[in-house]
Amino acid sequence: MTGNVQALAMSTFRESVRDRVFYLVAVFGLIMLASTAVLSPLTVGAQGKIMSDVGLGSMVIFGLLVILFMGSGMVRKEMDKGTILTILSKPVGRREYLLGKFLGLNLTLFCMLAVMGIVFLLMTLMAPGTFSLRFLAAFFMAFLELTVINAVVIFFSTCVSPMLAAVFTLGVFMVGHLSSSIRDFGMMQGTVIQQKTSVVIFYLIPNLEVFNVRGDVVHGEIVAVDHLLMALVYAVSWTILLLILGGGIFSRRELR
Amino acid sequence: MTVNRQATLIRWLLFLCVGVLMVGTLTWHDTGQVSGGRNEKLYFPSGKFLVESSVGFRGMAADYLWFRFVQYYGAFAKGHNDLRYFDSIIDGIVRLDPRFVEAYHFASLVKWSDFGDFPGSIDMLKRGVLHNPDIAKLKFQIGFTYYVFYRDMPRAAFWFEQAAACSDATDFEQRFAAFARYRAGDDNVSLQLWKKLYASTENGQIRSLAEKMIGKLTRRLENRKIYGDNFIGPIPEI
């Protein structure tokens, strides 16, 4: 089983490299350069902060773009080409196939974040007093957040069209960052049904604010190890849950 | 001329015309000759809305607003607007990122320098202090406003002392605290602050200044002990 998953993951990774996903890293470098060199006269004493905000935020945005564009159509593309039938005719389970695809895309995200992280740290050397290894915590959290989103897109790609999968995933990303606010607004409402509904939404959608430590890190705070561990457990739990659900749907799906 | 060449020429001419039109309309718009072109077109939603709509990218959204603010202030300096959106932009920035120290600092400077609003300037700084209790810059600025504009030495001294207690404080804040206490007539406190500064500073000039002030205050306190509060100085020799 491990061999099959590994082979699928590596092929997905190679596919993403062929799709020139890493060009995004070059765009990231340019944005970082712009935020340091070009925009510095407009920063009025906040160059380090702005550079860090832009860098860390861009990492997540680019990761999200890769997930939306690659992940949403991954399963459908192979179904349209018919290659999925060739793969599944071999002793490869459907769940293994899905897991392989997920791990391949996650490997792509990891490599992308690693390269962007290095570019980011090098750029912080240009703004005096900005460089710090505490940014590693933000990279780690960004990776966890993107892992959950990756699992979300894989889940949706098993049951809806690529376009809908992308839209739903984007929706989960947005609501995931607002779930605490939705719960708080819901609790302020008069009826019990509204209050309960908001609480259900809060638990039903992954709370992505758990992974958002960018503000703390940019302002020089060190993220506690318990927080990192808690986020890791939370991300792993959601990922497993979504892959199990996605695997369940995919294994019942009729492939033609 | 062949038909092909004619077509190419027409395409180039069309391309040129479109280019001229684009540049022309932009320039026209920029010079403000379009009806209402000089009016402020900025619209800033409330800070509360921005916090929710920035979905996890609050820092980046605050930075974007900061850029807009800097440009907006630049336009004001050139006489293109009257800063009517000043409060709402700053509110948006500091709601999105309550730890954006530069925003509080710059906004407080604008408030007193351009609006003459000293209480507003202090309020802005205090709002910053609430979210950034360990930043000396904001507390120092409050003290400085009391020191220079209100001449309220006890309050100024209080805020300078608060600034000096911050982890990023330097000799600068301590020196101002000691001076303000001296000006406020709190000789005992001032003496202690100068002694503390003398012991902690690595700057030779500040150490000699502290030494001078310690001597001066010690003599003054001794005289007061001997002659009381009405001592006005040594009797000049006739």
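## Ground rules

Since this is a predicted model, local features need pLDDT of at least 70 and side-chain atom pairs count only at pLDDT 80 or more, while totals for chains, interfaces and linings use all residues. Residues are numbered from 1 along each chain as its sequence is written, and chains are lettered from A and ligands numbered from 1 in the order in which they are written.

Confidence first. Chain A has a mean pLDDT of 89, with 98% of its residues at 70 or more (pLDDT is the predictor's confidence in each residue, from 0 to 100).

## Chain A

Chain A has 12 helices and 0 strands; helices (H or I, at least four residues) and strands (E, at least two) are DSSP runs, numbered from the N terminus. Its radius of gyration is 20 Å, close to the 18 Å that the globule rule gives for 256 residues, so chain A is as compact as a globular protein of that length. That radius is taken over C-alpha atoms, and the globule rule is 2.2 Å times the number of residues to the power 0.38. Along the principal axes, the C-alpha trace of chain A spans about 60 × 55 × 30 Å.

Buried residues make up 43% of the 256 residues in chain A. Here, buried takes 20 or more other C-beta atoms within 10 Å of a residue's own, exposed takes 12 or fewer, and partly exposed is in between, with C-beta atoms placed from the backbone. As for contacts (C-beta atoms, placed from the backbone, within 7 Å), residues 24 or more positions apart account for 80% of those in chain A with a separation of 6 or more. A:Cys111 sits in helix 7 (residues 94–124) of chain A. With 16 other C-beta atoms within 10 Å, A:Cys111 is partly exposed. A:Cys111 and A:Phe22 are 89 residues apart in sequence, yet 9.0 Å apart in space, C-alpha to C-alpha.

## Chain B

Chain B is helical too, with 11 helices and 0 strands. Its radius of gyration is 29 Å, well over the 18 Å that the globule rule gives for 238 residues, so chain B is more spread out than a compact globule. Its C-alpha atoms fill a box of roughly 110 × 50 × 35 Å along the principal axes. Buried residues make up 32% of the 238 residues in chain B, and residues 24 or more positions apart account for 48% of its contacts with a separation of 6 or more.

## Where the chains meet

## The core

The largest nonpolar core has 116 residues, and those with the most contacts inside it are A:Ala142, A:Ala151, A:Val152, B:Ile93, B:Ala103 and B:Phe160. A nonpolar core is a set of buried Ala, Val, Leu, Ile, Met, Phe, Trp, Tyr and Cys residues joined through C-beta atoms within 7 Å. Helix 8 (residues 135–157) of chain A gives the most to this core, with 16 residues. Leaving out residues up to four places away in sequence, B:Ile93 touches B:Ala62, B:Leu65, B:Trp66, B:Phe69, B:Phe100 and B:Ala103.

## Helix 3 of chain B

Buried residues of helix 3 of chain B include B:Ala62, B:Leu65, B:Trp66 and B:Phe69. Their cover includes helix 4 and helix 11 of chain A, together with helix 2 (47–53), helix 4 (86–96) and helix 5 (101–114) of chain B. Just after helix 3 of chain B, B:Gly79 takes a positive phi of about 85°.

Most residues other than glycine have a negative phi. B:Val55, not a glycine, has a positive phi of about 20°, and lies in the loop between helix 2 and helix 3 of chain B. B:Arg151, also not a glycine, has a positive phi of about 55° and is found in the loop between helix 7 (136–150) and helix 8 (153–164) of chain B. B:Val55 counts as partly exposed, with 18 C-beta neighbours inside 10 Å, whereas B:Arg151 has 10 and counts as exposed.

How values were computed. Contact = placed C-beta atoms within 7 Å.
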